[in-house]
Amino acid sequence: MERIETLCVQGGYCPGSGEPRQVPIVQSTTFKYDTSEDMGKLFDLEAEGYFYSRLQNPTCDHVAKKIAQLEGAAAAMLTSSGQAANFYAVFNIASCGDHVVASSSIYGGTYNLFAVTMKKMGVEFTFVSPDCSQEELDAAFRPNTKAVFGETIANPALTVLDIERFAAAAHSHGVPLIVDNTFATPILCRPIQWGADIVTHSTTKYMDGHAAALGGCIVDAGNFDWMAHADKFPGLTTPDESYHGVTYAQRFGKEGAFITKATAQLMRDFGSMMSPQSAFILNLGLESLHVRMERHCANALAVAQYLQSHDKIAWVRYSGLPGDAYYAAAQKYLPQGSCGVVSFGVKGGRQAAETFMKHLKLGTIATHVADARTCCLHPASSTHRQMNDAELAAAGVGADLVRLSVGLESREDLIEDLEQALRTV
Ligand SMILES: *Cc1c(COP(=O)(O)O)cnc(C)c1O
């Protein structure tokens with residue numbers, strides 16, 4: 001039984017004798033075949049193999065396999081971004097006329113994708129607080145509900161999803177739970193162990209970890225029984241005319257149906273594939289993910305404790321801090337740490353937050369998180385600026401909220417930097 005640290009380093013790719021030790025970058029859009037018959041079998045999904053890198057590429061597959069192993073999943077696929085991963089994960093089972101229940105405490109880009117763009121495509125979302133009562137949660141479901149969606153640690157509100165409760169609600173209504181596990185990474189939490197069916201990632205964040213390559217990933221536990229709910233998921237349980245009548249759930253089983261359909265239909269038609277170069281860079285990040293996450297967590301906890309004791313700080317949210325509203329949830333779901341992201345309010349609101357941020361030297365202002373370098377952001381004036389005040393409040397993102405992504409620098413240096421910037425407020 002391989003432990004997660006070993007899988008980070010050696011998972012996914014196992015070279016034979018004389019083969020490259022590092023995952024080879026297969027920089028080729030296309031693959032050659034001896035006969036048209038051979039190629040035809042690939043097009044009909046009757047044989048496994050590569051023919052065009054918009055659908056699959058060996059470099060990407062090695063890295064996807066590593067992420068599947070890290071999450072304890074049956075199958076995975078890479079996408080060009082986290083946005084593409086969440087879009088495909090939902091659209092693979094919910095289309096025009098369908099409905100999805102989502103936590104209101106999610107990434108601003110995902111909220112926009114769901115509430116605006118997918119709404120235009122005819123998919124309706126009901127947003128519920130991650131802390132809603134059981135009655136509210138049950139009342140959110142409709143006969144045409146096809147999935148439940150939430151984030152393990154929400155970006156940027158840092159709420160912690162009660163995965164077990166949301167999985168139980170989803171399953172009692174015959175639909176899967178999709179969890180965006182970007183902030184926790186499988187090092188800190190493996191949502192599948194708590195009942196999640198599909199896990200998504202923006203690999204752009206901790207998995208890459210060096211602000212080098214954009215990417216996403218969709219992981220399928222292989223546990224959800226599509227055929228047992230065949231009427232709800234016709235895309236998986238009835239013949240796909242665009243593949244000569246293949247029925248994904250029958251041909252590929254619980255373990256393979258979801259990812260095969262997303263690759264064969266959505267990647268084919270929308271084409272948000274990760275490039276093999278980016279997959280290679282992502283894999284370098286994965287090799288040290290377990291080491292980096294430990295340090296991100298330790299640095300963030302030290303910074304959160306410092307901020308909590310500072311008289312110019314109005315409030316601190318970090319679920320690893322005793323007293324945090326999500327401390328108990330974090331003890332359960334994130335016992336090894338609550339990632340590197342801390343949010344807080346500077347006394348004096350929006351103006352004070354901006355002054356403070358301007359004076360940080362190590363913490364740079366960037367539309368990014370989960371990077372080796374410390375960075376900070378004011379969501380109300382950037383990532384969440386499309387939301388009105390009521391929507392901001394529902395997403396748990398006040399106008400005074402500063403999101404600090406604590407990096408891998410010396411924690412003494414980081415605290416000194418915060419100290420001098422707070423003196424200017
Ligand atoms: C950044 C992020 C996304 C979007 O990912 P991109 O790679 O930027 O497209 C989705 N979900 C969460 C939680 C994120 O932090």
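Predicted model: local features only at pLDDT ≥ 70, side-chain atom pairs only at ≥ 80, totals over all residues.
By buried I mean under 20% relative accessible area, with exposed over 50% and partly exposed in between, using a 1.4 Å probe and protein chains only.

Numbering runs from 1 along each chain as its sequence is written, and side-chain values use heavy atoms, leaving out hydrogens and water.

Back to D180, which is in strand 5, residues 177–180. Helices (H or I, at least four residues) and strands (E, at least two) are DSSP runs numbered from the N terminus. So what does D180 touch, leaving aside neighbours within four places in sequence? It's in contact (heavy atoms within 4.5 Å) with N86, F149, G150, E151, T152 and T200.

And K205? Its charged end sits over the ring of Y107, 5.0 Å from the centre. That label takes NZ of Lys or CZ of Arg within 6 Å of the ring centre and within 35 degrees of the ring normal.

Now, rings. The whole structure has 18 aromatic pairs. Rings of Phe, Tyr and Trp (its six-membered ring) pair if their centres lie within 6.5 Å; planes under 30 degrees apart are stacked, over 60 edge-to-face, the rest tilted. Y111 and F127 make a tilted pair, 4.9 Å centre to centre with 45° between the planes. Y111 is in helix 5 (residues 108–120) and F127 in strand 3 (residues 124–128), 16 residues apart. Y111 counts as buried because its relative accessibility is 16%, while F127, at 25%, is partly exposed. Ring pairs also join Y111, F114, F125, F127 and F149 into a cluster.

Last stop, the core. The largest nonpolar core has 133 residues, and L78, L307, F344 and F356 touch the most other members. Helix 13 (residues 289–308) gives the most, with eight residues. A nonpolar core is a set of buried Ala, Val, Leu, Ile, Met, Phe, Trp, Tyr and Cys residues joined through side-chain atoms within 4.5 Å. Beyond four places in sequence, L78 touches residues including C60, I67, M267 and L282.
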